[in-house]
Amino acid sequence: MGTVAILGGSVVGAAAALQFARSGWQVSVVDAEFDRITDPDGTVEARPGAPHAVQAHGFMARAKVELATRLPDVVDALAAAGVTELPFAKMAPPHLHDGGRPGDDELAMLQSRRVTLDAVLAGILQREPGVRTVRAKATGLEIEDGAPPRVTGLGLATGDVVRADLVVDAGGRRSPVTGWLAAAGLAQPEIVDTCNVSYYGRHFRIRAGERPRLNSGFADIHEFPCHLQFMFLGDNDTAMIAICAESGDPLLKRVRHEDAYHAVLAANEAFRPWLDLLEPATPTFVLGALNNRMRSLVADGRPLVLGLHQAGDSLAMTNPTRGRGVAMGLCAVGRLHDLATAIGRDDVALATEYAAWQRDVLAVYYQEASTSDQTVGRKLRANILGDAAPANAPAVRLPDGHPVTSAQIEQASASDPDLFRLFLRALYLLDDDRVIASPAVADRVLRRLAEDPDSAANAPISPVRPWNGSVDRQALESLLAPYA
């Protein structure tokens, strides 16, 4: 087939490398931190190239589908490493249980810490024929003049060059590639959506005992006036919690202290059954406010450069609140692999086809997540200031003038198991063709609402839970006063 150089050996880069290698490409993975990714004891510690890897991670169903379809041995290896699956039957509210449908297996979620997913993929990568790992820092792109210019490899700090027919930037949110392009006079198109939310994450071990039901299907989510609390279950009886706060909130910054963190969790009475089972396993990890961002290597229908493509956070970066990052990255490298294998050496066609997929599919998932993230930040800020808070962002994006709203779809799905599945498929990135926005779904929603106008009483899964005022600003000030 040819040669591929991949910048970044974490989840997205490793998945890309395995797919290209198994299709006959010779692959080089460049990552100076590769030895830290493969840490055999699964130590949870931040690394400079991916500081977010220690934060709470929820892996959308699309992530599991991409791995199971393209790299089934990875799913087997994850299971052997203690990663479990949360099936649809355990996420669906009891009143929607109907014995199952074909395709329900696609809605299963992986329950894993990010460090475990990284380590398992990296271990397989090291044993894969056709893949070599280059443990060195990449310092720049090798670019040949042309119209447009062509990227032919990666320069290394050692002075060596990794030459390749195709270069994939899977370097994550801190990827230097956009800066390298700018230094070469190539200004990359970029959308930046400000999101002023900071994350305080911590890992826990789960003690023996009866586990409560997760309140939001794949997660346990609680939303308060001035903060959000998320919990995802991990591998090997672990859990990950994130407390999300407005980035300029000095009061919530106190949860960096472990006792303050526990005090905020303990004040949440609805979470008490879970808290009684949790034993802290790490300190608190702080992740500052991240702007959502989507880039492109095609401008006005023309490639900016040939031979270079991006995937994962270097292409589309979102905040953790919707848990979409890994799934978006995996579906991007899957699409890139398929196109590159089918198109071959027509670099212009590859660039334009990949950009078209990004516009038609990935951008929709990005916009849903970004709108939600921005709304969360504005809500938290408004409640700190005592201003009117905005309404929740739509769970799914629909065309202007659509006959029904996202809220109506969610309401109707509360009493219709098949609508509920369609709603979940859209939430979990399994609806590339946007069936959720079809006339047939709109008609069914309207019929269901006419038949059962009170269906909202049985609320299904939503990206965020209703606001809970039990821990308001005054309560937080009292709780956190000892930690000033």
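Tutor: Start with alanine 239, which sits in strand 14 (residues 238-246). Keep in mind that this is a predicted model.

Student: Why is alanine 239 called buried?

Tutor: Its relative accessibility is 0%. Buried means under 20%. Alanine 239 therefore counts as buried.

Student: Which residues does alanine 239 contact, leaving aside neighbours within four places in sequence?

Tutor: Contact means heavy atoms within 4.5 Å. On that test the partners are Arg202, His203, Phe204, Ile206, Met231, Phe232, Leu233, Gly234 and Leu278.

Student: How far is alanine 239 from serine 112, in sequence and in space?

Tutor: They are 127 residues apart in sequence. C-alpha to C-alpha, the distance is 8.7 Å.

Student: Now histidine 309. Is it buried or exposed, and how do you know?

Tutor: Histidine 309 lies in strand 20 (residues 308-310). Its relative accessibility is 5%. The cut-off for buried is under 20%, so histidine 309 counts as buried. Leaving aside neighbours within four places in sequence, its contacts include Leu166, Asp169, Leu336 and Tyr354.

Student: What makes threonine 371 partly exposed?

Tutor: Threonine 371 is in helix 11. Its relative accessibility is 35%. Buried is under 20%, exposed is over 50%, and partly exposed is in between. Threonine 371 therefore counts as partly exposed. Its C-alpha is 24 Å from that of leucine 107, 264 residues away along the chain.

Student: Where does helix 11 bend, and what follows the helix?

Tutor: Helix 11 covers residues 347-385 and bends by about 45° at leucine 362. Glycine 386 comes after helix 11, with a positive phi near 80°.

Student: Why is a positive phi worth a remark at leucine 429?

Tutor: Most residues other than glycine have a negative phi. Leucine 429 is not a glycine, yet its phi is about 70°. Leucine 429 lies in the loop between helix 13 (417-427) and helix 14 (439-451). At 0% relative accessibility, leucine 429 counts as buried.

Student: How do you know that the peptide bond between alanine 147 and proline 148 is cis?

Tutor: Its omega is about 0°. Most peptide bonds are trans. Proline 148 lies in the loop between strand 6 (138-144) and strand 7 (150-156).

Student: Which residues of helix 4 and helix 6 meet?

Tutor: Helix 4 brings Asp73, Val74, Ala77 and Leu78. Helix 6 brings Thr116, Leu117, Val120, Leu121 and Ile124. The contact of helix 4 with helix 6 has seven nonpolar residues, one polar and one charged.

Student: Why is helix 1 called roughly parallel to helix 10?

Tutor: The axes of helix 1 (residues 11-22) and helix 10 (residues 325-343) cross at roughly 25° and come within 9 Å. Angles under 35 degrees count as roughly parallel. Helix 1 is therefore roughly parallel to helix 10. Their crossing is right-handed. In helix 1 the contact residues include Val11, Ala15 and Phe20, and in helix 10 they include Val326, Leu330 and His337. By class, this contact of helix 1 with helix 10 has ten nonpolar, four polar and no charged residues.

Student: What is the make-up of the contact of helix 8 with helix 15?

Tutor: Helix 8 (residues 258-266) and helix 15 (residues 473-480) pack at about 145°, axes 10 Å apart. Ala260, Ala263 and Val264 of helix 8 meet Leu476, Leu479 and Leu480 of helix 15. That gives six nonpolar residues, no polar and no charged.

Technical notes:
Residues are numbered from 1 along each chain as its sequence is written. This is a predicted model: local features need pLDDT of at least 70, side-chain atom pairs count only at pLDDT 80 or more; totals for chains, interfaces and linings use all residues. Side-chain values use heavy atoms; hydrogens and water are left out. Helices (H or I, at least four residues) and strands (E, at least two) are DSSP runs, numbered from the N terminus. Buried means under 20% relative accessible area, exposed over 50%, partly exposed in between (1.4 Å probe, protein chains only). The bend at a residue is the angle between axes fitted to the seven residues ending there and the seven starting there. Ala, Val, Leu, Ile, Met, Phe, Trp, Tyr, Cys and Pro count as nonpolar, Asp, Glu, Lys and Arg as charged, and the others, Gly among them, as polar. Axes are lines fitted to C-alpha atoms, for helices over the stretch in contact, and angles run from 0 to 180 degrees between N-to-C directions. Angles under 35 degrees count as roughly parallel, over 145 as roughly antiparallel, 65 to 115 as roughly perpendicular and the rest as oblique. A crossing is left-handed if the near helix is turned anticlockwise from the far one by less than a right angle, and right-handed if clockwise.
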